[in-house]
Each structure stands twice: as structure tokens, then as C-alpha cells.
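Dear colleague,

Please find below the structure for your records. My notes on what was found in it follow directly after.

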Amino acid sequence: MLLDFPLSIVAASLLAFFVSYFSIVWLIKRKNASVLDYPNSRSLHTVPVSRVGGVGLLFGALSVWIAFSAVLPVPVWLGIIALSVISFADDIWSMPVGYRLFVHTLTALGFCITLLLDAYGWLPVMICALAVIWTSNLFNFMDGSDGLAGGMVLVGFGYYGLAAYLSGNVNFALVNFSLAAASLGFLFHNFYPARIFLGDVGAVPLGYFAAVMGLLGWINDLWSLWLPLLIFSPFIADATATLIKRSFRGEKIWMAHREHYYQRMVQSGFGHRNTALLGYGLMLIVGACALWVNNQDMNIQFMAAAIWGFIYLGLMLMADLGKKPYSGDI
């Protein structure tokens, strides 16, 4: 299959991998205290680890997009610049939640108004903007176990790239494959035991990309909206269910905690490595399902989404009723 890909996709992916990999090697060697994530009562790591790995990952992908003249809407470039700046500032100085949410909202509205308003009206714009904001943040929530988020980015954007290629859009396939390849360069340093974390500067922009790339593929008739929702459904299901439960208990949902299902798996003895591998396997299966249903009629797509929803609900109920030991807020 690789031999059938345009040379530009293969070259861009290889370049993104190596730029990301060696950029992160350089970042790991920088031991400035301001970029270290020190363990606390809500952490799953036990030694200080650099939290700016997202800088190297994004540098690998964005530099390749520029080198290969990848075509993306201006709001995407502006959004990623704004999110990277505020997220990096948060990694270093712990920015107030209100400031971060303000920037997240502006970037989401800028993208959705520019690309959706004329064709779809205000209601879809607001719904999609909320989805972009939520996805940007849920990646940050789910980046708490070695190798998990990096692997999900590799699989998720790999599927985006494959779906775009199968739909005949080589430019969009290149954009997504190079992002997946850059995440592989990061994953070599982040898989258990992690030597560097994504940090907000990586997790928030990657969540933004997951949403806007999914919407761009839909706008350009490369896939239905069910495809991105299904591909990233393992992240969406865990983060959303945990948010709802914490909201019902009156807890501050923006505060760090250890109540996500993947965190509970790590703490119950399953470990970082096995949790990540299980997540990869789950996402590979649901992503393959998403590619298949993309060519089916809407009723089958809806049924597939409903089936996966019941699967996630069953898995979460099993975890909640199993009463495995874990540590939440302290």
C-alpha cells in the first residue's frame, strides 16, 4: 500500500517524523525548572518530567506543512498560533482558566464563522464551535498516562490521512499523515517510561486539530461527521462521561484529578504500558469501523455510532461496578 502513495506524502511523513524526533531529543536535554512537571497528589508519574514535548511535535508537523506548501484555511493557522502561545504560557506560568477559555473560544468561533456561517447558519456554527472548544480541552484531560495521547494522535490522524487519500485529496492526506508521523516521533520519547510529556502546548492544539480537521474533511465532502466522531470516540467517551459525573457531584471540572477511566486503569495495577496498548487497539478497531461506515448510508452510520455508544457505556458500567481501587481527588 505504501508504494501506491504519492511520493510527496511519503517524503512529508518521513521528514515530519525526523524533525519531531530530534527536536524532542533537544527539548529533553533542556532541564530548566520552568518546563518540568513535578509530581503531585494527582499525578501518575513519580519523577519530574519535561512538559513541552508538544513544541517538538508541532514543529515537526508545521515545518513540513510549510515546506510542502500544504493548503489550509487561514483561520486554522491563526488558531494554532493563538492556542500554542496561550498553552505554552500556561505550561510555564499557569495561566488563569478564564484567559485560556477566552482564547479557545475565539479560535473556535473564528474557524466556524469563517467556514460554516454562510453555508449553514448560526446554529451549526455555535454547535461546531462548542465541539471544537470541548475537543481542544478533552485532549488535555486525556493526556495523563505515558504513551496514551501520543498513540491516539498517531492512530487518529493516520486514519484521517487514509480517509482523505481514499477520497482523492492528496493535500489533505499529506497534512494528516505528517501530523501522525510527527506524533510517532514524539511517541518514541513518551511511551512508558516517558521522558517528556505533551504539555498543554501539545495537547490543546492537537485537540483543536482533531476537531477542525474532522470538520474540514466534512466540509470538503471527504467523509461524514460520523467518521471523526467515531475515530476519536475513545477519548470523547472517557472525557465526556467523567466531566458529566464530576459536574453532577458539584466538583470543579477544570481542576486536575485522577478519575478518568484510563487513570483508574493505571492505578488499579493495569499500568501505563498496558493501558496505552489497550487504547491503541480500541482506536484501531473503531477507526476501521469508521472508515467502513463512511461509505454506507446514513442509517448504517447512525447504527454503528449507537452500537459503539452502548459498548462504551457497558465498559464504563463494568468499571464503575467493579469497584477497583483508585485515587481520585485528595
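Aspartate 320 forms a salt bridge with arginine 264, in which the closest N and O atoms are 3.0 Å apart. Please note that this is a predicted model. Because aspartate 320 lies in helix 12 and arginine 264 in helix 11 (residues 261–293), the pair ties together parts that are 56 residues apart in sequence. Arginine 264 counts as buried, at 9% relative accessibility, whereas aspartate 320 is partly exposed at 30%.

Aspartate 320 also meets the side chain of lysine 245 in a salt bridge (3.4 Å, N to O). This pair links helix 12 with helix 10 (residues 233–248), across 75 residues. Lysine 245 is partly exposed, with a relative accessible area of 25%. Through shared partners, Lys245, Arg264 and Asp320 are joined into one network.

The count of salt bridges comes to 3. One of them brings together the side chains of aspartate 90 and arginine 100 (3.5 Å, N to O). Aspartate 90 belongs to helix 3 (residues 74–93) and arginine 100 to helix 4 (residues 97–120). Aspartate 90 is buried, with a relative accessible area of 11%.

Helix 12 (residues 298–322) also holds isoleucine 307, which is partly exposed at 49% relative accessible area. Together, Ile307, Ile311, Leu315 and Met318 make a nonpolar surface patch of about 390 Å².

Finally, helix 7 (residues 170–190) reaches 29 Å from its first C-alpha to its last, close to the expected 30 Å. Of its 21 residues, 17 are buried, so helix 7 is largely enclosed by the rest of the structure. Asparagine 169 caps its N-terminal end, with a side-chain oxygen 3.4 Å from the backbone nitrogen of asparagine 171.

With kind regards

Key: Residues numbered from 1 in each chain as written. Predicted model: local features only at pLDDT ≥ 70, side-chain atom pairs only at ≥ 80, totals over all residues. Heavy atoms only, no water. Patch = residues over 30% accessible without salt bridge, like charges linked within 9 Å, V, L, I, M, F, W, Y side chains within 5 Å. Areas by Shrake-Rupley, 256 points an atom, 1.4 Å probe, with all protein chains shown as cover. Salt bridge = Lys/Arg side-chain N within 4 Å of Asp/Glu carboxyl O. Helix = DSSP H or I, 4+ residues; strand = E, 2+ residues; numbered from the N terminus. Buried < 20%, exposed > 50% of the residue type's maximum accessible area, 1.4 Å probe, protein only. Expected span 1.5 Å × (residues − 1). Polar contact = N/O pair within 3.5 Å; in protein donor to acceptor, adjacent residues only side chain to side chain.
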